[in-house]
Amino acid sequence: MHRRIIVPGALAMAALLPAIPATAASFSPGAPGIGDPYYPAYGNGGYDVSHYDLRLKYQPATDRLEGTATILARTTQDLSRFNLDFLLDVSEVRVNGTKASFATAGEHELVITPKSPLRKGAPVTVVVRYSGVPSEKRAYGFTSWHRTPDGGVAANEPEAAWWWFPGNDHPLDKATYDVSVQVPDGSQAISNGTLQSSASRAGWTRWNWRSDKPQATYLATLAVGRFDLTTSTTDSGIPVVNAYSKDLGPHAGAARASVERTGEIADWLAGYFGPYPYNALGGYVPNTDTGYALETQTRPFYSPRQFANGSNTSLVVHELAHQWYGDLVSVTGWKEIWINEGFARYAQWLWSEHEGEGTAQELADHVYASHPANDPFWTVRPGDPGPEHQFDIAVYDRGALALQALRNEIGDEAFFAILKGWPRTYAHGNATVAEFRRYAEEVSGRPLAALFDTWLFQPSKPAAPAARAASLAPAAGTPVAPKSWKKIAATNDAHEHGRGRAHAH
Ligand SMILES: [Zn+2]
């Protein structure tokens, strides 16, 4: 059911496009993908974006989005042409002020040929004018745009940007954002970062949001609908803006009782991970029929359904933990997903301990003992799960189990020094599982290759001696599930995909 084999069509495209002038012989096309083996067509080569300025207008009644994206980038090679990832209808592209020719290709490629080729290392400004109905656009047969009764929402992983702005859609290319969205009076437009201003004119209200720290494209979000906003400030001084659809029905109370804890939980996480890295904080709950949450930067997305059984602060802990593990330090490629999910899940275990509902050790013992050796759970390698299993429950639970094994191996002092030092060391950048291992070895002074191999890379259940060596799992029987188990399990589809990929649970 998965269709990740993509023929970029670069050769076919080359035949259709005008020949490059002889004077530009050294200039070549940017690659149609950034080089991620899990998702070969995601992102693009040849340039690096520093800033997206998105000036948009959205009509909830018709789901029509229109606007202009101004992209500031720098070339990383002599470029004859380059791609953006995008699905809406483009009417004009300008490169450094001059009209450029453009064409679509593959599932989500916008191929741009500037009038003059671009020298390596040069700043370049790309202006894309566009419009379209995002809910009508599909790539690989799915849409990440969630139409709601009163608007729409873009929030998904790894792909969400294609439905609302053109970009270099891969975590390797982070940038800052100004997102300005005009919506009819009475509707609200929610995005990342700080709300700089909102003003009404002639029946339309413009909402201006700013993310002034590097942000991956999949962590950019847009939600339009009828929202109630709440504002507050954390003890540490970070302004909090939360937004709740007015249409959450019976889930409204539990949603607010969870997300209103955002400031408190972020301050608590800062005790483990270091100071909160951004100048804005919050969460939003639109009236979608989705079942997952996403760590959209500074302002996570939550689904109403996740509060069907009451409040769930563990879910908020998970998404806020990602602000350090995933957002501040992002994957270099999607196979490194453990450096996001293993830690966000482990933060939930620490929260359980904090709440007196089971220690991280008890949760680890439970995970280890409740999956017998023949459970397919153990065939997933959290350190390189493959695109099919990128968000498998094993990446979360076995991923957190690996961290408990590490903690038991190196001791609390080194372990918590690593949890706090890692986000600072790789702040606003990208990293790999191997870099985490080397960092942990450096801080702890211990060789850890065997431990990482056992817990993250073997397609089998670590045997009893390995478990004992890691101080895990009592000799026999399934330990009683810690009290927090159900709340944590309720977050298991935190990243279930909009296209229906579901977890085992
Ligand atoms: Zn997560």
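How are α4 and α5 oriented to each other, roughly parallel or oblique? The axes of helix α4 (residues 313-321) and helix α5 (residues 338-354) come within 8 Å and cross at roughly 135°. α4 and α5 are therefore oblique to each other. For the angle classes, under 35 degrees counts as roughly parallel, over 145 as roughly antiparallel, 65 to 115 as roughly perpendicular, and the rest as oblique. Axes here are lines fitted to C-alpha atoms, for helices over the stretch in contact, with angles running from 0 to 180 degrees between N-to-C directions. Helices (H or I, at least four residues) and strands (E, at least two) are DSSP runs, numbered from the N terminus.

A word on the model itself. It is a predicted one, in which local features need pLDDT of at least 70 and side-chain atom pairs count only at pLDDT 80 or more, while totals for chains, interfaces and linings use all residues. Residues are numbered from 1 along each chain as its sequence is written.

Back to the helices: α4 passes α5 in a right-handed crossing. A crossing gets that label if the near helix is turned clockwise from the far one by less than a right angle, and is left-handed if anticlockwise. On the α4 side, the contact is made by Ser-314, Val-317, His-318 and Ala-321, and on the α5 side by Phe-343, Ala-344, Arg-345, Ala-347, Gln-348 and Trp-351. Two residues are taken to be in contact if their C-beta atoms, placed from the backbone, lie within 7 Å. By residue class, the contact of α4 with α5 splits into 6 nonpolar, 3 polar and 1 charged. Ala, Val, Leu, Ile, Met, Phe, Trp, Tyr, Cys and Pro count as nonpolar, Asp, Glu, Lys and Arg as charged, and the others, Gly among them, as polar.

Another helix pair is formed by α6 (residues 360-370) and α7 (residues 393-410), which pack at an angle of about 125° with their axes 9 Å apart. α6 and α7 are therefore oblique to each other. Here α6 passes α7 in a left-handed crossing. Ala-360, Gln-361, Ala-364, Val-367 and Tyr-368 in α6 meet Asp-397, Leu-401 and Gln-404 in α7. That contact comprises 5 nonpolar, 2 polar and 1 charged residues.

Turning to the strands, 10 of them form an open sheet with mixed pairing, in the order β3-β6-β5-β4-β7-β2-β1-β10-β13-β12. β3 (82-85) and β12 (194-201) stand at the edges with a single partner strand each, so one side of each is left without a neighbour in the sheet. Neighbouring strands of this sheet are turned by 20° against each other on average, direction ignored. Strands pair if DSSP finds at least two bridges between them.

Within this sheet, β1 (residues 47-59) runs antiparallel to β2 (residues 64-75), and 12 bridges join the two. Tyr-52 stands opposite Ile-71 in β2, and the bridge partner of Leu-56 in β2 is Gly-67. The hairpin of β1 and β2 has 4 residues between the strands, and Asp-63 in this hairpin takes a positive phi near 65°. β1 also runs parallel to β10, joined to that strand by 7 bridges. There, Leu-56 stands opposite Val-181 in β10.

The other open sheet has 3 strands in the order β15-β16-β17, again with mixed pairing. Its edge strands, β15 (227-233) and β17 (281-285), each pair on one side only. The twist averages 10° from one strand to the next. β15 and β16 (residues 239-245) pair in the antiparallel sense over 7 bridges, with Thr-233 opposite Pro-239 in β16. Helix α3 (residues 262-273) lies across β15, β16 and β17, running at about 130° to β17.

A few loop residues have backbone geometry to flag. Glu-157 and Pro-158 are joined by a cis peptide bond, with omega about 0°, and Pro-158 lies in the loop between β9 (151-154) and β10 (175-184). Tyr-140, in the loop between β7 (123-132) and β8 (145-148), has a positive phi near 55° despite being a residue other than glycine. With 14 C-beta neighbours inside 10 Å, Tyr-140 counts as partly exposed. The class lies between buried (20 or more other C-beta atoms within 10 Å of the residue's own) and exposed (12 or fewer), with C-beta atoms placed from the backbone. His-428, also not a glycine, has a positive phi near 65° and lies in the loop between α8 (412-425) and β19 (429-431).
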